[in-house]
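Dear colleague,

Please find the sequence and the structure below. My notes on them follow.

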Amino acid sequence: MTPKSRDQVMGHADEADGIEEYDNPLPDWWVGMFIFTIIWAVAYAGWYHFIAHNSPQRALAAEMTDARKRWPETGIEAHVVMSSQAIERGEVVFKANCTACHGADMKGGIGPNLLDEVWIHGGKAEEIVHTITTGVSAKGMPTWGPVLGPEKIGQVAAYILSRNHATLGIADVAPTSH
């Protein structure tokens with residue numbers, strides 16, 4: 001193309017601030033990059049999904065599998081052992097950390113009564129462990145998981161269950177498991 005044929009005004013009546021619209025084709029290098037980008041995108045998408053079998057879901061699944069290997073989950077029943085030794089140790093931990101809110105007699109105060117049939121966050125072993133571990137920030141109960149650790153939390157849960165069941169006259173004090 002000659003410069004004369006390139007810079008021809010399109011003939012539109014609209015003109016703003018002396019700027020006129022020309023009918024020039026895009027530069028060849030720009031058109032080439034555009035076509036290359038489209039071809040590359042199609043090829044990469046085909047490779048990513050069909051040849052390499054990659055996907056965000058697969059990457060997440062692999063990461064979660066690796067995390068489970070590195071930090072295996074232990075069931076709650078592994079920590080809530082209803083033995084006399086665990087209950088005695090749980091009583092010591094309870095008296096050191098929980099009596100300020102739940103009272104020495106476990107009948108409540110700032111925190112709820114732990115010796116009745118009504119449990120705000122559930123009265124099963126796993127629910128008690130979850131409540132102790134994560135706390136209840138809306139009610140002012142701190143998160144005890146990082147402070148006590150799973151073993152002491154299991155002992156406290158065993159102590160609470162044993163006292164609750166003894167008060168209610170429930171003979172079976174075995175923790176509920178998944």
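**Helix H6 and its partner**

The buried residues of H6 pack against H7. Those buried residues are Ala-125, Glu-126, Ile-128, Val-129, Thr-131 and Ile-132, where buried means under 20% relative accessible area, exposed over 50%, and partly exposed in between (1.4 Å probe, protein chains only). Helices (H or I, at least four residues) and strands (E, at least two) are DSSP runs, numbered from the N terminus.

This is a predicted model, in which local features need pLDDT of at least 70 and side-chain atom pairs count only at pLDDT 80 or more, while totals for chains, interfaces and linings use all residues. Residues are numbered from 1 along each chain as its sequence is written, and side-chain values use heavy atoms, with hydrogens and water left out.

H6 covers residues 125-134 and H7 covers residues 145-168; the two pack at an angle of about 140°, with their axes 9 Å apart. Axes here are lines fitted to C-alpha atoms, for helices over the stretch in contact, and angles run from 0 to 180 degrees between N-to-C directions. On the H6 side, the contact (heavy atoms within 4.5 Å) is made by Ala-125, Ile-128, Val-129, Ile-132 and Thr-133. H7 contributes Gly-145, Pro-146, Ile-153, Val-156, Ala-157, Ile-160 and Leu-161. By class, the contact of H6 with H7 has 10 nonpolar, 2 polar and no charged residues. In this scheme Ala, Val, Leu, Ile, Met, Phe, Trp, Tyr, Cys and Pro count as nonpolar, Asp, Glu, Lys and Arg as charged, and the others, Gly among them, as polar. An α-helix has 3.6 residues a turn, so residues three or four places apart point the same way. After H6 comes Gly-135, with a positive phi near 75°.

**The chain as a whole**

The chain has 7 helices and 0 strands. Of its 178 residues, 22% are buried. Among contacts between residues at least 6 apart in sequence, 53% join residues at least 24 apart.

**Confidence**

The average pLDDT (the predictor's confidence in each residue, from 0 to 100) is 83 for the chain, and 82% of the residues score at least 70. Where pLDDT is low, the predicted coordinates should not be read in detail.

**Cysteines**

How many disulfides are there? The count is 0, a disulfide being a pair of cysteine sulfur atoms within 2.5 Å. The sulfur of Cys-98 is 8.4 Å from the closest cysteine sulfur, which is in Cys-101, and this is too far for a bond. Cys-98 is buried, at 13% relative accessible area, whereas Cys-101 is partly exposed, at 30%.

**Two residues with positive phi**

Most residues other than glycine have a negative phi. His-53 has a positive phi, near 55°, and lies in the loop between H2 and helix H3 (56-70). His-53 is partly exposed, with 43% relative accessibility. Met-106 also has a positive phi, near 65°, and sits in the loop between helix H5 (99-102) and H6. Met-106 is buried, with a relative accessible area of 0%.

Regards
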